[in-house]
Amino acid sequence: MRYDFQTIEKKWQAYWDKHQTFRTENSDGKPKYYVLDMFPYPSGSGLHVGHLEGYTATDIIARFKRSQGHNVLHPMGWDAFGLPAEQFAIKTGTHPKVITEKNVTSFKETLQRMGFSYDWSREINTTDPEYYTWTQWIFLQMLDRGLAYTTEVDVNWCEELKTVLANEEVDEKIADGYTVVRKPLRQWILKITAYAEQLLEDLDDVDWPENVKQMQRNWIGRSEGVEIDFELPCHNTTIRVYTTRPDTLFGATYVVISPEHPMAEKLATAQQLVEVKAYIEQAKLKTELERTGLQKEKTGVFTGSYAVNPANGQALPVWISDFVLTSYGTGAIMSVPAHDGRDWEFAKKFGLPIIEVIKSPHDVQEAVFEEKGSVCVNSSNDEISLDGLTFENAFDVMADWLEKKVKGKRTVNYKLRDWIFSRQRYWGEPIPVKHYEDGALRPETDLPLTLPDVQAYQPTTTGESPLANISEWLHGTDEHGTFRRETNTMPQWAGSCWYYLRFIDPRNTKALVDRKKEQYWMNVDLYVGGAEHAVLHLLYARFWHKVLYDLGVVSTKEPFQKLFNQGMILGEDNEKMSKSRGNVIPADHVLSAYGADAIRLYEMFLGPLEQVKPWNTHGIEGVSRFLARVWRLVFPEPESPVSITDTPLSQNLVRTMHKTIKKVTGDTGQLKFNTAIAEMMVFVNELHKAECRSREAVEKLLLLLSPYAPHICEELWEAIGHTSSITSAAWPAFDPALAADDEVTIAVQVNGKLRGTVTAPAKSSKEVLLEKAQNDKTVQKFLQGMTVVKEIVVPDRLINFVVKPK
């Protein structure tokens, strides 16, 4: 029989579909395992080979865990609302729903051709009213708890897309060539800041890459500081600043407020008013990135007013500068140019005083000194003295004094800002709120509030979404009076904030998720996706989950227990795949040429899953040859029948087989797929070398290989006489004694530093190991002229000589 991958793969995909092989029961007495891909957006460009990497990884784990006796939930669905479909609709006149359905069909066909073991009976789509009725329900729970509110705020307005962008989206859009400006609009806001502390604390409880945790910590930006009131004598009021360095208060030489600060114009004197107003208008045209970049030239304008430093009574000029943001702290800062680089540059540019208050090894007029480790100087008045104190002590002394004088108070601050939740577009979840003529705001009582089926999606000239143009949907009357519906829609992130819960119970019309099913399946055991979502989807989903936890809807504080970020697969030119570069490798093209099993194996064999790797078509040809060698273990010649024997394996092959099982089991469980594949390749070579077609060896190989290359393994499993799918067979076990290495490599240290390695028979005695280490020429160099004080031996792992000079 010839290895015809196209026929074989179609055959087994049809079999799995007919028999619902991967349909998941909500509880069957087995331990559960929930493995999930990050929700894909079904774009019109289809899937390329880079997209398949993460999906292949999760499918290997899903199949592996099933064979180990777990009840596996491995679902798939579509995050299908969003701007791309709407923009395409505006250009072509094709309804976004039609575009979305076409794209979903294309994506699904590709994923099915890859043989991924999804439970398609649980498929969901964020644009389905049966789904987004619960997205709207969650929003209304937030509204009821005061976590959703409206206000007019300066937003990131994209001129080309005619919509608001979240702060987290601005950098990406600017990099793509879009224009983003600041513009005041009435917006719906979600109070994510109410959960800032929990979002920080609970990061310690999840198994996530440390870099992702750190990105979230930095984005949330918790800091402990002091709010200080500076008197404004000419205005009979005070201005409050926030600082994390109250120990440097004696060195404050000016105050800076943001252009949006409510007192910005009020503080301007008659002589400065025109200049102040002009500066404020200019600041509105800049994004936060443009305003706060470390390399940007410092700009500002003097208001003409002065504030009094509460520590020494000095009059400090009040400036306005766009590097200060109203959204962080109080929108006002005290500037200590001797010990802050940004303040130093500003002071140098505008000729402002620089006073040393932290002992510096150089002249602070020439260069800034920012270290906390030094002691305070020039920092005393009649009531307190910080001179000679280090940061920690000086912080407390100054904070205590300010609180005693009622001129300040300790506080915790966050860089995290509330989430702007409004989007000015048609293709999104309608916000289920009515605005009445008397000013009242009431929720929709009959969910879902569905989108009107219309053909015009042009943005309005008022900044509202296209829904504002659909009068028959927009206006209505009920028992409370005449109302106007909310015209903003939700951002694309809304539907993806909670989708992992709906997979658990996708057809429930009575509740978001059944309580018992949620308790059985949560948390998600393994979540695989890109690190680019660290402060977008991953942060938003954690926030929504914590709200649902407080509502009693979910039983866990965190949604995703283990997170794994796969690396990117680059094009053959070593660049990120993109249509603009012309280096995209469509998945369907490679599927037709090489088949799903070859793609699956190749992408996992390229290198460690977490690393960035270039695609190389010649590499997949090598993997195809490996699959052909596996095929020939059962069918030695193209037209030959099954050739399999029950001849016992040689002792060497028995040991090789058990070592292979051990290695593949351990590496697969740790997502080290490339080394697991390499081990199976070695085993196949050994079987061919020995001309061995033992049933025992071939069966064990197929069981190990089936999560990686399921189609060929199903076919060969059937060919050697099995009547049920290989997916129902148990994962092979290994004998630890037979899997043990004959020789081990042992690290040799001198005073705890690695100085060499030696190879020895496994389980060698301490005396044998020490002799080998002492005779190693590299190690001997580090023992010369030394007295060995102590010898530490960890069998099969480590030797450490503790030495001192003779």
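Predicted model: local features only at pLDDT ≥ 70, side-chain atom pairs only at ≥ 80, totals over all residues.
Let's start with the second largest pocket, which holds about 590 Å³ of space. Its lining consists of 20 residues, and those closest to the centre are Val153, Thr326, Ser327, Arg417 and Asp418. Strand 5 (148–158), strand 7 (180–190) and helix 10 (288–292) each give two or more residues to this lining, with strand 5 giving the most, at four residues. Sorted by class, the lining has seven nonpolar, six polar and seven charged residues.

Serine 465 counts as buried because its relative accessible area is 0%, and buried means under 20%. A polar atom of its side chain lies 2.4 Å from the backbone oxygen of threonine 487. Beyond its neighbours within four places in sequence, the contacts of serine 465 include Arg423, Gln424, Arg425 and Asn488. Proline 448 is found in that loop between strand 17 and helix 13 too, and a cis peptide bond with omega of about 5° joins leucine 447 to proline 448.

Most peptide bonds are trans, and most residues other than glycine have a negative phi. With that in mind, look at the cis bond from methionine 522 to asparagine 523, where omega is near 5°; asparagine 523 lies in the loop between helix 16 (515–521) and strand 20 (526–529).

Two residues have positive phi values: asparagine 574, near 65°, and leucine 671, near 60°. Asparagine 574 is partly exposed, with a relative accessible area of 47%, whereas leucine 671 is buried at 5%.

Key
Residues numbered from 1 in each chain as written. Heavy atoms only, no water. Buried < 20%, exposed > 50% of the residue type's maximum accessible area, 1.4 Å probe, protein only. Polar contact = N/O pair within 3.5 Å; in protein donor to acceptor, adjacent residues only side chain to side chain. Contact = heavy atoms within 4.5 Å. 1 Å grid on protein atoms, 1.4 Å probe; cavity = no way out; pocket = protein on both sides within 12 Å on 5 of 7 lines; lining within 4 Å. Points joined across faces, edges and corners; volume = space filled by probe spheres on them. Nonpolar A, V, L, I, M, F, W, Y, C, P; charged D, E, K, R; others polar.
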